[in-house]
Amino acid sequence: MMYKKILSLLFAVLAFGFAANAMAFDFQSLRSENSFNLFDYDVYDNVIDLGDLSKVQGNYLFTNLHNSSGEDNFQLGYAGNPFQVGTLAVLFNTTEYKNKNNNADTYTSFNNNFDDPGNPVTVDKTVTQNSNFSESNSDAMDVRISYGIGLEPVRLGIAYDRHTSDWENKSGNTSIQTRTNLLNNTAISLTEDTNSSKTKWKNKTNVISAGSEFNAGPVIVELDADYSFGKTDSNVRSSVDTYNETQVTSGYSLSQSTVTNGIDSGFHNTEDFNPMGNTDFKSYGVHLAATHNVTSRFSVKGYADYNNETSDLENDTYTTHYTENETTPLDNGPFTTIWTQNNILNESYRGTVDETKSYRLGVKGYYNFDENVAFAFGLFWQPSETESDVPMTVNFDNNIATFDSNGDGDLADYDPVNNINDYTETSTGAYRMKYKRDYEGTVISIPVAVEFKATEKLTFRAGAQHQIMRTRTEESIRFVSGSDQTTTTTTYASGDVVTSQDGFDIPDDTKESDSYTDSETDYRLGLGYKVSQNLDFNLMMGFTDRDKEAVNDDWDIFAQITLNFN
């Protein structure tokens, strides 16, 4: 049903806004990423952690390169002490993704005449040509400016982040079916069915954050807070479907069926689904962490996080424009349009509110066997819940059908003897419904990591993380007001006007629930090489247990370089 198609797209828009917000500013060192954030005390991590930013002394230049599955990522950053007090950091990141696919195939089928079972005759063949394409392009840019100052035993930092991204997807398919009479080598019918869609999303996100670190002796306490706001604009021209069918029959007999020579009819329809909407979203988060050095070799760190994200859909218009016409020849002449239908369906989701609350509780531990080998482990519990309220208003506007008996366009022909009576038919209708969606999810993460310093310059790293994901979704639809009837007024060329009411499909009040459980294990291997006192090089490769089942799936490869001028 159309409303389900629109709801799916609606939540895709909301998800894109949240995803862009969540993925933005994901700066971290490869050492941290290699260990699933267990080893997070690289100088680059200090630059990202506002409470640790003032610990960075000297001048550093960072770069990060990543090319995987069509995605190109480049990062450039600076951190240093250009002023007499404090540390300044500026980070810049760009990501570009391109993917293009084209496929085509052709197959042929035959139809036999079995009037004589002992001597079947192949009378026609059907050739079907299918082709499809898809193309995705996205560009994203992140800029982060931060400043930290140390006032022992307290360290403070502030930051501003700006994220912009554009995403566009084009896809389509065409199916052409040609049916030919093999007895006289003439065309029977030609059918062409095409579908194309184009989706464009733009996202702008701003984040203001502050962080602190307090050294309380045996325990180091970190407290961070952030507030983000932004907008996602969607301009979706989706599912433009065009269907054309032409019947050209050529007089031959199939078992118990006879058709006559000449052109029968042509049938054409187009459906254009064109939604547009803007989504405003905002979020805030509070993050608390505490580190305790149990011994000189072993330390533990605990986490408690809370995030709240809300979005409001405004200025939305979901329009389905459906046109259909039938043509027929007059006295075996050219095709003439005799019947048309033009439907416009407007669906409004103004006022949609989507709120997500997420939490994270966890602990991780570090153990240094000696100066060359370190081991880390963790356990994290991340529950989340999302409530979505979607008011739906559906209007059938300008639904017009016409019948023109001779295709002259005046809709004024009336001949009661030959039962000819042109007409214009207009239908209207409206109703309102309430859609509600509740989502609960839980992710349990168990990461482990190890570092081995092979030489003074070379360090090997390995990390693995097992995750268990559980979700439960409950959806309900409730009829609010309106009618399940459309009012149709038909004006005939004879002067008669007829008003009638017909039922249309309003979804019944429903309530459905679904649950899902899955698990996945990620693996990462890496190395760090200290080229010189001023230059560090890090490399990481990663894959999941799902990737191992895919023959042509490549590992993700990352590289990061840190240059200091101390």
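Good morning. I begin with Lys170, which counts as partly exposed because its relative accessibility is 33%. Please bear in mind that the structure before you is a predicted model.

Where does Lys170 lie? Its place is in strand S5, which covers residues 154–181. Lys170 also belongs to a positive surface patch, together with Lys100, Lys200, Lys202 and Lys204. Membership of such a patch requires over 30% relative accessible area and no salt bridge, and Lys170 has a relative accessibility of 33%. Which strand gives the most to the positive patch? That is strand S6, residues 186–215, with three residues.

I turn now to Thr386. This residue lies in strand S14, which spans residues 373–403. Is Thr386 buried or exposed? Thr386 counts as buried, because its relative accessibility is 10% and the cut-off for buried is under 20%. The side chain of Thr386 is joined to that of Thr356 by a polar contact of 2.9 Å.

Leu50 is found in a loop, between helix H3 (43–48) and strand S1 (60–68). With a relative accessibility of 5%, Leu50 counts as buried.

To summarise, Lys170 is a partly exposed residue within the positive patch, whereas Thr386 and Leu50 are both buried. Thank you for your attention.

Key:
Residues are numbered from 1 along each chain as its sequence is written. This is a predicted model: local features need pLDDT of at least 70, side-chain atom pairs count only at pLDDT 80 or more; totals for chains, interfaces and linings use all residues. Side-chain values use heavy atoms; hydrogens and water are left out. Patches are made of residues with over 30% relative accessible area and no salt bridge: like charges are joined within 9 Å, nonpolar side chains (Val, Leu, Ile, Met, Phe, Trp, Tyr) within 5 Å. Accessible areas come from the Shrake-Rupley method with a 1.4 Å probe; for residues, only the protein chains shown count as cover. A salt bridge is a side-chain nitrogen of Lys or Arg within 4 Å of a carboxyl oxygen of Asp or Glu. Lys and Arg count as positive and Asp and Glu as negative; His and the chain ends are not counted. The place of a charge is taken as NZ of Lys, CZ of Arg, CG of Asp or CD of Glu. Helices (H or I, at least four residues) and strands (E, at least two) are DSSP runs, numbered from the N terminus. Buried means under 20% relative accessible area, exposed over 50%, partly exposed in between (1.4 Å probe, protein chains only). A polar contact is a pair of N or O atoms within 3.5 Å; within protein, one must be able to donate a hydrogen and the other to accept it, and residues adjacent in sequence count only if both atoms are side-chain atoms.
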